[in-house]
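Dear colleague,

I am passing on the structure that we discussed, and I would be glad if you could look through it alongside the notes that follow.

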Amino acid sequence: MNRRTTPRAPFAPATRRTALAAGLGLAAALTLAGCGGSASGNAKDGKDAKDGKPQLAVSGAYMPQPITQQMAGAYFTVKNTGSAADKLTSVTSDLSKDITLHKTTGNKMEQVDSLPVPANGELKLSAGGNHLMFMDLSRKPAAGQTVTVELHFATAAPVKVEVPVKPADYRPAAH
């Protein structure tokens, strides 16, 4: 059960069981974040969600194998379980010195300065939608390799993510 599905009297104070469930949920999220293609940040003391700070975790990261050494894209989901919104402001990696954030509206792609990560919500980067663009690659990564990126946010601490390189025609399963 989670907070949204656990029945509770309206406006009842938080119980010890709710606090324990939240702590166990945080521990589980941190454990899962250690798996390939995932990372989390800002869970130093387990209080961030209550302190009005973003609580970020990254999952589902992948990069289709680039066709050329000129450019590549990367996709993932940033989940924020905290009560404050944040923004993805930049990305760094040894793969490229020129990494930009893009959003797609209709058929138009445009570079943006930041992408919002809503409180208690998520930012999805996917093919045909929001995404990262890596230009002038230092190398051409092959399927089966990983690329390390560091995500920088307006408020939260940077988050390192190991991005697996997938075949060029890879499409993640719909959830």
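This is a predicted model: local features need pLDDT of at least 70, side-chain atom pairs count only at pLDDT 80 or more; totals for chains, interfaces and linings use all residues.

Residues are numbered from 1 along each chain as its sequence is written, and side-chain values use heavy atoms, with hydrogens and water left out.

On the overall fold, the secondary structure comes to one helix and 11 strands (DSSP runs numbered from the N terminus, helices being H or I of at least four residues and strands E of at least two), and from the N terminus on the order is α-β-β-β-β-β-β-β-β-β-β-β. Of the 175 residues in the protein, 34% are buried, where buried means under 20% relative accessible area, exposed over 50%, and partly exposed in between, with a 1.4 Å probe and protein chains only. Among contacts (heavy atoms within 4.5 Å) between residues at least 6 apart in sequence, 64% join residues at least 24 apart.

A search of the whole structure finds two salt bridges, a salt bridge being a side-chain nitrogen of Lys or Arg within 4 Å of a carboxyl oxygen of Asp or Glu. One joins Arg-139 to Asp-94, with the closest N and O atoms 3.7 Å apart. This pair links distant parts of the chain, 45 residues apart, since Arg-139 is in the loop between strand S9 (131–135) and strand S10 (146–153), and Asp-94 in the loop between strand S4 (86–93) and strand S5 (98–105). Arg-139 counts as partly exposed because its relative accessibility is 31%, whereas Asp-94, at 55%, counts as exposed. In the other salt bridge, Lys-124 pairs with Glu-122 at 3.5 Å between the closest N and O atoms, and Glu-122 is partly exposed at 39%.

Two backbone angles also deserve a look. Most residues other than glycine have a negative phi. Asn-120, however, has a positive phi near 50 degrees; this residue is found in the loop between strand S7 (115–117) and strand S8 (121–125) and is partly exposed at 47% relative accessibility. Asp-136, likewise not a glycine, has a positive phi of about 50 degrees, lies in the loop between S9 and S10, and is exposed, with a relative accessible area of 59%.
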